[in-house]
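Please look through the sequence and the 3D structure shown here before reading on. The report that follows takes up salt bridges and then the nonpolar core.

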Amino acid sequence: MTVGEFCRRETQANELCVIREEGWIVASAWIDNEDLFAIHPDIKDREFISDEWGTLSIDDQHGKEIDIPCHYIDC
């Protein structure tokens, strides 16, 4: 299965997907309400290896760091 197929079949609307290769974040995709998403073709066609749920640290509009849930996808 490819990363694109995994995102299309195994995710739900409103998920933030973070795609990693060898532990490094290489892309992210948000699955919209109609199950649509966009990722670069080079990444979309890579082989899916595994997935897990975790958090991603981001800064809010005030510079405060917060953790948000995300679906990690490894390729």
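## A network of salt bridges

In this predicted model, the side chains of Arg20 and Asp74 form a salt bridge, with a distance of 2.8 Å from N to O. This pair links distant parts of the chain, since Arg20 belongs to strand E1 and Asp74 to strand E4 (residues 65–74), 54 residues apart. Both Arg20 and Asp74 are buried, and for Arg20 the relative accessibility is 14%, which counts as buried because the cut-off is under 20%.

Arg20 also meets Glu52 in a salt bridge, again described by an N to O distance of 2.8 Å. Glu52 lies in strand E3 (residues 50–59) and Arg20 in strand E1, so this pair ties together parts that are 32 residues apart in sequence. Glu52 has 41% relative accessibility and therefore counts as partly exposed. Through shared partners, salt bridges join Arg20, Glu52 and Asp74 into one network.

## Another salt bridge

The count of salt bridges comes to four, and one of them is between the side chains of Asp45 and Lys44, at 3.6 Å from N to O. Lys44, at 33% relative accessibility, counts as partly exposed.

## The nonpolar core

The largest nonpolar core holds 13 residues, and those with the most contacts inside it are Val3, Ile19, Ile39 and Ile73. Helix H1 (3–10), strand E1 (16–21) and strand E2 (24–30) each give two or more residues to this core, with the largest share, three residues, coming from H1.

Leaving aside neighbours within four places in sequence, Ile19 is in contact with several residues, including Val3, Trp24, Ile39, Ile73 and Cys75.

Definitions and conventions: Residues are numbered from 1 along each chain as its sequence is written. This is a predicted model: local features need pLDDT of at least 70, side-chain atom pairs count only at pLDDT 80 or more; totals for chains, interfaces and linings use all residues. Side-chain values use heavy atoms; hydrogens and water are left out. A nonpolar core is a set of buried Ala, Val, Leu, Ile, Met, Phe, Trp, Tyr and Cys residues joined through side-chain atoms within 4.5 Å. Buried means under 20% relative accessible area, exposed over 50%, partly exposed in between (1.4 Å probe, protein chains only). Helices (H or I, at least four residues) and strands (E, at least two) are DSSP runs, numbered from the N terminus. Contact means heavy atoms within 4.5 Å.
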